[in-house]
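Please look over the sequence and the structure before reading on.

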Amino acid sequence: MMWRRVVLPLWLLLLLLAGCQQQKPAPFGASGNAVYYWRTTFALDSAEQQFLHAHHIRRIFCRYFDVVMSAQEQQPMPNATLRFESKMPDSIEIVPTVFIMEDCMREPYIDSLAARLVRRIGQMNQTNDIGGVSQLQMDCDYTARSRQTYYRFLRKVRAEMQKQAARQPSAGSRLARLSATIRLHQLAMPAPPVDYGVLMLYNTGAPERFTERNPILDFRDVQPYLRHLKSYPLPLAAAYPVFLWQRILHGVNIEHVADTAQVMLTKRAVEAERSDVRQLILTYHLDKENISRYTPRHYEAIYRH
């Protein structure tokens, strides 16, 4: 009977551990399909609303404003603030997203910037009657030079989120999660202090090489970074391009569109390295022109989990 006294407690321990793992909240909040909204006016037309419904999209990562270094004020300031012209659908969860220029990551500013940023997001939610906001996302093309300051800034944002959650104790408005965009070159760095990252699988190439590769997405530009994926110590979602890029380079009008074959090749390769990128899938970005540019079958393939 000795074995029972040894084995039984081990089984109980394993059951307890399994129960703890099941109760641990998912880093993304909820799995599923999502989109970025990257315009200065929020107004959904019928085609965009139908797109959200058809592809079971329940979450919009919505750019609220940019943060840029003001030459006049000599400090980080909000720019291109989103204006709401239509009501947010009740079935949609909003994730306020802020794009931050790297030169704003200077030590004297990060404490006050974090406080002002979280406060401004809260005010925009209140003014526009946007409830149920439970997470924020920061978007910054940080480098090795700015990484440590940016990570300290993210910790300050987290602290301000906790303060705001304490002031608004209702479960539907608690800021519980913080995420950050992750560019391919950032995979080689230590992970930021956030709950999860969104791997940006677009704008992967050098714009000046427009005659050789598509700068929106070319798998040859992605492939060298795949070796970092398995060991990257942060849960990852994935964002794929569905946009057109027009620009003038050396007097020549250049138009780039994300190639569907390159998108699917990249998706398969990334998902082969990590299974968690299937849990939350985004496209960049929601716009009626992008909806009509690609077929429903293409979107279904991207959003396949």
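Which residues of the largest nonpolar core touch the most other members? In this predicted model, they are Tyr-64, Ile-100, Leu-117, Met-138, Tyr-150 and Phe-153, out of 94 residues in that core. Strand 3 (residues 57–70) gives the most to the core, namely eight residues.

**Surroundings of Phe-153**
- Leaving aside neighbours within four places in sequence, Phe-153 is in contact with Ile-100, Met-105, Ile-110, Leu-113, Ala-114, Leu-117 and Met-138.

**Helix 3 and helix 4**
- Helix 3 (residues 110–127) packs with helix 4 (residues 147–167) at an angle of about 45 degrees, and their axes are 8 Å apart.
- The crossing of helix 3 past helix 4 is right-handed.
- On helix 3, the contact is made by Ile-110, Asp-111, Leu-113, Ala-114, Ala-115, Leu-117, Val-118 and Gly-122.
- On helix 4, Thr-149, Arg-152, Phe-153, Lys-156, Val-157, Glu-160, Met-161 and Gln-164 make the contact.
- By type, the residues of this contact are nine nonpolar, three polar and four charged.

**Position 237**
- Ala-237 lies in strand 10 (residues 236–241).
- With a relative accessible area of 0%, which is under the 20% cut-off, Ala-237 is buried.
- Not counting residues up to four places away in sequence, Ala-237 touches Phe-28, Gly-197, Val-198, Leu-199, Val-277, Leu-280 and Leu-282.
- Ser-31 is 206 residues from Ala-237 in sequence, and their C-alpha atoms are 9.4 Å apart in space.

Note on methods: Residues numbered from 1 in each chain as written. Predicted model: local features only at pLDDT ≥ 70, side-chain atom pairs only at ≥ 80, totals over all residues. Heavy atoms only, no water. Core = buried A, V, L, I, M, F, W, Y, C linked by side-chain atoms within 4.5 Å. Buried < 20%, exposed > 50% of the residue type's maximum accessible area, 1.4 Å probe, protein only. Helix = DSSP H or I, 4+ residues; strand = E, 2+ residues; numbered from the N terminus. Contact = heavy atoms within 4.5 Å. Axes fitted to C-alpha atoms, helices over the stretch in contact; angles between N-to-C directions. Left-handed = near helix turned anticlockwise from the far one by under 90°. Nonpolar A, V, L, I, M, F, W, Y, C, P; charged D, E, K, R; others polar.
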